[in-house]
Amino acid sequence: MIEQTVTLAGARLTARGSGALWWAERRLICVADLHLGKSERIARRGGALLPPYETRETIARLAAEIAALDPATVLCLGDSFDDMASADALPEADRAALAALARGRDWIWLAGNHDPAPHGLDGGRAETLALGPLTFRHAALPEAEPGEISGHYHPKLRVALRTGTLSRPCFLCDRRRLILPAFGAYTGGLDLGSSPALAALIEPDARAILTGAPCVTLPAFRASA
Amino acid sequence: MPDIPETALPEPFAGWFARRGWSPHAHQRALLARAADPATLLIAPTGGGKTLAGFLPSLIELGSAPAPGLHTLYVSPLKALAADIRRNLEVPIAEMGLAIRVEDRSGDTGAAARARQRVDPPHILLTTPESLALLLSYPEAPRLFGGLARVVLDEIHALAESKRGDQLALCLARLRRLAPRLRRVGLSATVEDPPALARFLGPETRLLVADPGPDPDISILESETPPPWATQGARYAAPRVMELIRAARTTLVFINTRAQAELFFQALWAENAEALPIGLHHGSLGREARARVEAAMARGELRAIVATGSLDLGIDWGDVDLVIQVGAPKNVKRLVQRIGRANHRYNAPSRAVLVPANRFELLECHAALEAVRARDLDGAPRPPGPLDVLCQHMLLTACAGPFEAGALLAEIRTAGPYAALSRADFDACLDFCATGGYALRAYDRWRRLMERDGLWQLRDPRRAKAIRMNVGTIADTETLSVRMKGQFATLGEIEESFAASLSPGDTFLFGGQTVRFESLREMVVEVTKHPSKDPKIAAYMGTKLATSTRLSHRVMDLIADPARWDGLPPHTRDWLATQAEVSRLPEPGRLLAERFRRGGRWHLCLYGFAGRNAHQTLGLLVTRRMETAGLDPLGFVANDYALLIWGLDEVTDPAALLSPEGLREGLEGWLGENAVMKRTFRAAATIAGLIERNLPGRRKSGRQATFSTDILYDTLRRHDPEHLLLRVTRAEAAHGLVDFDRIEEMLARVSGRIDAVRAPHVTPFAAPLLLETGRVPIRGQAEARMLAEAAEALMAEAGLAR
């Protein structure tokens, strides 16, 4: 089980074990919260020194998904950069790697709270994007129309097994919306069981799709430990 | 000692001794006779008056009209010891009318006093290795230490076993360079290899071994009823221990871990009907709480102290007449040193009682007793000086002033642990200090040294402050202070990992009382008093010392030789005999591998006798190999004698899992991802200054530090596997928490002679392991299988299944 299928507002979507969402009908791959340049930003602000390789790792994982699926469109759901300065400070090698991935495809950057303004990287920009029955935006709106796809919360789920608990990033989906896990490395996460704000967004019968191997679907609230 | 030179004490010393009715011990006179020697190591049992012996030559040389300037430096592992010695020295100095100024200096000394000491030092300065390293990092160091005549290193046996000792040896080398006429004296308790300790003290060291005194009087607390299968707390023995305390004048009760000390202390109080004054002392208690107990003990107000290793060193209490060791002795040398704390008068036998907490420990107590009687001490030789400590030393040296690489290397090689340091390793350390290493060279913050005109110096002199803040080699566990709600004083500290596992309302034992967890804010755990006598959680982790190789072998020999079982109580003999019947007894030079089915799972029990840490590592390695072989392991648990693994399938060929090549490969490969290795790396990275333990003005929370070092570790493993600190981490993995050397020792001892037994049910030896705490679940295929099953079941239950 490396992926799970979900249907949202009539669109058949595939939640990948990697944390990416694949819309086969439109050949569109969607990822949330890359947080590129996170270590650079923390170091710049005088915090803990994380090595700069996490950006490269995130791009490498994205490249693997692109190689596997060959999408026509790559859609980043905001917070693609940890802040505006880290977009400018992106090392040349990473910039080139992104450009190579984008070659021959449409690349769309949605705005997030970490990267609200335009940055110099190639690709289109938007606040929200409506495609067919679906609407893509960075953070879910409580009163959104059915068919909303968003990121922002970095959802995770803790599951109790006979051998102890297990915690993994997850997709959350109900009839109206789907929330993606963060795709970036070292981005942490928000546990559904301990976040009322996140829990309030989804319905009681929502499902969680755990990333990783195996990629499985669980009832979000019933499984939460 | 055959050739004691009869050195008469000069006045006023002779008169002072005579007025007190004292006469110097032979070794005190001998040390005085050798006062002019460049270096002496005095080995005497606890209570032999070592410290006074160390100071006598200084007091006599300084006399009534000393010249100004630092004459003698005294280094002890404990701050409290330095302060205590100062008070003890002040008495004879005052009574003999000597004009000698004695001061102590530690992290607790005020900034103004410390600054003054650098300018106007006392004649005798008492300090710790860390404070000495700091003093040496100031530009004034050459002037301060230039006239130093003597250095006295106390409790050197304890220091030499850790990185603190390696750092001290480097500081000693520096001192010898600054003060070429410096004489060194080391004071040590009984050790297994005195010449090795002499080498630690540097070149030209002569040994002086005092009369070890009479054999101790040791017994094992035997009871009619067998000790429990697996508890470590020895609660069952509390009534008997209380009887022993009542019958003795003053008793020291040693227990292996802090959590057990808390539990046993509580159990003792439950038996303490007449409310005898009994105190508790362990490293997690606040400094004030510990000082109160120590002071009460010194005044003779306590009948007993329940303590952990926190009392292994330190103040001599003359009237302790009984030492009780609760739980496995683990290490014969430490046992001997602990026993030496009873009857602290020279030439009186020490009295001690060993209290085994479970059946295996009973065997270990018997084996340890035999070893003490045979004067067969254990101890592994220290590996060569670690490079992380060397990096810190280089940085601190640069803080004092520019240095020339060749001269520094020559100086470092005069330090015992670094005598064989290669030029290549030295250069690697220098490069790390200058660039941070290949993978990190892009960061300015890690480029700290630069070479100019052949001299290495700080790239940015303002960094000196941060480097000094990072001094020391004691690995911090991330701890949080514990405070009673609404009060300011700190009760003590608990590990962050334990604090993180608490929810409001949980109760735990701390400082002998049950407290209720209320909240965690800004690195402080707030608790309230809670009347419950039944805490839900039994305190915190603490380090677990593994039983020494020597002692493990003795236990194995005892088990394998029924002729020697006569000394064992009947219930233990029965237990051994039943094991031989149901399965077989482990034999020296062979490895018993039992398997049996229980509760729907297959169990595999390997009797490695390699100590808890090595068994833990072996558990990780073997279950990983089982995972690859599709044997779906679910978890394992280890104690000092064996490793128990359980899983979904039967292991029919245990030998296949234990090939030395496969295990070594595992260590190199995936074990690198293990949390224990990460912890090892974090300690090394902190010491070498890659991460800072105390940022000026703010404190990083332990979790943040863990996060960033784990990432650093992963990064270096991927992009710079030969990075200096990864080399240090791998070298450390040979012993300590990973203890791979002991796995190697076991494999060499066994060399393929594996006795595979399929038992009809759980065996007498394996039963204790089923009750052992610290089970490690395996997150592998078996878990994936269960996750998939759980997902299916939950979806069906929720009516969401398609």
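1. Helices (H or I, at least four residues) and strands (E, at least two) are DSSP runs, numbered from the N terminus. This is a predicted model, in which local features need pLDDT of at least 70, side-chain atom pairs count only at pLDDT 80 or more, and totals for chains, interfaces and linings use all residues. Residues are numbered from 1 along each chain as its sequence is written, chains are lettered from A and ligands numbered from 1 in the order in which they are written, and side-chain values use heavy atoms, with hydrogens and water left out.

2. Start with the layout of chain B. Its parts are domain 1 (13–209), domain 2 (217–373), domain 3 (387–473 + 678–732), domain 4 (479–529) and domain 5 (568–657 + 752–785). The bounds come from an automatic or database domain assignment. Between the C-alpha centres of domain 1 of chain B and domain 5 of chain B the distance is 51 Å.

3. Next, the cavities. Rolling a probe the size of a water molecule over the atoms shows where empty space is left. Here a cavity is a set of points, on a 1 Å grid over the protein atoms alone, where a 1.4 Å probe fits but cannot get out; lining residues have an atom within 4 Å of a point. Grid points are joined across faces, edges and corners, and a volume is the space filled by probe spheres set on the points. The structure has five cavities of 30 Å³ or more.

4. Which elements each supply at least two residues of the lining of the largest cavity? They are α16 and α19 (464–469) of chain B. α16(B) gives the most, with three residues. The largest cavity holds about 90 Å³ of space. Its lining includes Q392(B), L395(B), L396(B), R448(B) and R463(B). I687(B), A688(B), G689(B) and E692(B) are also among the lining residues. By class, six are nonpolar, three polar and three charged. Ala, Val, Leu, Ile, Met, Phe, Trp, Tyr, Cys and Pro count as nonpolar, Asp, Glu, Lys and Arg as charged, and the others, Gly among them, as polar.

5. The second largest cavity has about 60 Å³ of space. Two or more lining residues come from each of α6 (129–136), α9 (163–178) and α16 of chain B. The lining consists of A133(B), L136(B), S137(B), Q167(B), C171(B), R174(B), H393(B), L396(B) and T397(B). Four are nonpolar, four polar and one charged. Domain 1 and domain 3 of chain B each give at least three residues to this lining.

6. Now helix α18 (residues 423–435) of chain B. Does its span agree or disagree with the 18 Å that its 13 residues should cover at 1.5 Å a residue? The end C-alpha atoms are 18 Å apart, so the span agrees. The expected span is 1.5 Å times one less than the number of residues. Its buried residues are F426(B), C429(B), L430(B), F432(B), C433(B) and A434(B). Buried means under 20% relative accessible area, exposed over 50%, partly exposed in between (1.4 Å probe, protein chains only). Their cover includes α16 (387–400), α17 (405–412), β14 (449–452), β15 (455–458) and α28 (724–732) of chain B. Just past the helix, G436(B) has a positive phi of about 90 degrees.

7. Some backbone angles deserve a look. Most residues other than glycine have a negative phi, and most peptide bonds are trans. D79(A) is not a glycine, yet its phi is positive, about 50 degrees. D79(A) sits in the loop between β5 (73–76) and α3 (84–88) of chain A. It counts as buried because its relative accessibility is 2%. H154(A), also not a glycine, has a positive phi of about 50 degrees. Its loop runs between β10 (148–150) and β11 (155–161) of chain A. In chain B, a cis peptide bond joins E11(B) and P12(B), with omega about 0 degrees. P12(B) is in the segment before α1 (13–19) of chain B.

8. S188(B) is in strand β6 (residues 183–188) of chain B. Its relative accessible area is 0%, so S188(B) is buried. Contact means heavy atoms within 4.5 Å. Not counting residues up to four places away in sequence, S188(B) touches residues including L41(B), K50(B), H157(B) and L197(B). E65(A) lies in helix α2 (residues 53–69) of chain A. At 8% relative accessibility, E65(A) is buried too. Beyond four places in sequence, E65(A) is in contact with R16(A), S18(A), A20(A), I29(A) and F183(A).

How values were computed: 1 Å grid on protein atoms, 1.4 Å probe; cavity = no way out; pocket = protein on both sides within 12 Å on 5 of 7 lines; lining within 4 Å.
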